[in-house]
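Please read each point with the model open beside it.

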Amino acid sequence: MDCLFCKIVEGVIPVTRLYEDEQVLAFPDIQPQAPTHILVIPKKHIASHAKAVAEDKEMLGHLMFAVGELAREKKLDAGYRLVINTGPDGGQTVDHMHVHLLGGRAMHWPPG
Ligand code: AMP
Ligand code: ZN
């Protein structure tokens with residue numbers, strides 16, 4: 001399978017591994033949109049949030065907790081934004097589910 005983020009999980013494409021365990025991996029976004037911009041992904045290939053299945057529930061909870069741990073580690077005490085772009089209307093460009101953790105500046109609403 002030709003998946004960019006699976007290649008990052010496998011180490012074929014090197015990244016700074018900010019957090020890693022048996023289920024998830026976190027690394028900096030290559031085009032940061034905020035002072036802190038981290039991607040947190042399941043190691044399992046899930047094409048998008050819409051493709052998660054019941055057996056992924058435990059991992060998804062684990063992933064969301066890991067995101068919170070990263071936010072605390074990065075001292076995003078003033079707040080942060082989590083984004084999961086999903087599908088064409090959601091603006092997803094990499095077809096491997098990922099959570100964007102954005103922080104270090106005030107965010108705007110509504111999103112574009
Ligand atoms: P999305 O548009 O929500 O699918 O997000 C994909 C994100 O992946 C974008 O913010 C890209 O900047 C980021 N990205 C693409 N290639 C890489 C890479 N090699 N390393 C880190 N981030 C990447
Ligand atoms: Zn993948």
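Predicted model: local features only at pLDDT ≥ 70, side-chain atom pairs only at ≥ 80, totals over all residues.

1. Strand 2 (residues 24-28) and strand 3 run antiparallel and are joined by 5 bridges, where strands are DSSP runs (E) of at least two residues, helices are runs (H or I) of at least four residues, and both are numbered from the N terminus. Two strands are taken to pair if DSSP finds at least two bridges between them. Within this pairing, Pro28 stands opposite Ile38 in strand 3.

2. Residues are numbered from 1 along each chain as its sequence is written, chains are lettered from A and ligands numbered from 1 in the order in which they are written, and side-chain values use heavy atoms, with hydrogens and water left out.

3. On its other pairing, strand 3 is joined to strand 5 (residues 99-103) over 5 bridges, again in the antiparallel sense, and the bridge partner of Thr36 in strand 5 is Gly103. Gly103 is also the bridge partner of Tyr80, in the antiparallel pairing of strand 4 with strand 5, which has 4 bridges.

4. Taken together, 5 strands form an open sheet in the order 1-2-3-5-4, with antiparallel pairing. The edge strands are strand 1 and strand 4, each of which pairs on one side only.

5. How many of the residues of strand 3 are buried? The count is 7 of 7 for residues 36-42, so strand 3 is largely enclosed by the rest of the structure; buried here means under 20% relative accessible area, exposed means over 50%, and partly exposed lies in between (1.4 Å probe, protein chains only). In a regular strand the side chains alternate between the two faces of the sheet. In strand 3, Thr36, Ile38, Val40 and Pro42 point one way while His37, Leu39 and Ile41 point the other way, and all are buried.

6. Gln23 is buried, with a relative accessible area of 19%. Leaving aside residues up to four places away in sequence, Gln23 touches Ile41, Pro42, Lys43, Glu58, Met59 and His62, a contact being heavy atoms within 4.5 Å.

7. The other is Leu76, placed in the loop between helix 2 (57-73) and strand 4 (80-83) and buried, with a relative accessible area of 10%. For the protein chain as a whole, the secondary structure comes to 3 helices and 5 strands, which run α-β-β-β-α-β-α-β from the N terminus on. Of its 112 residues, 37% count as buried, and the C-alpha atoms fill a box of roughly 35 × 30 × 25 Å, taken along the principal axes. Among contacts with a separation of 6 or more, 53% are accounted for by residues 24 or more positions apart.
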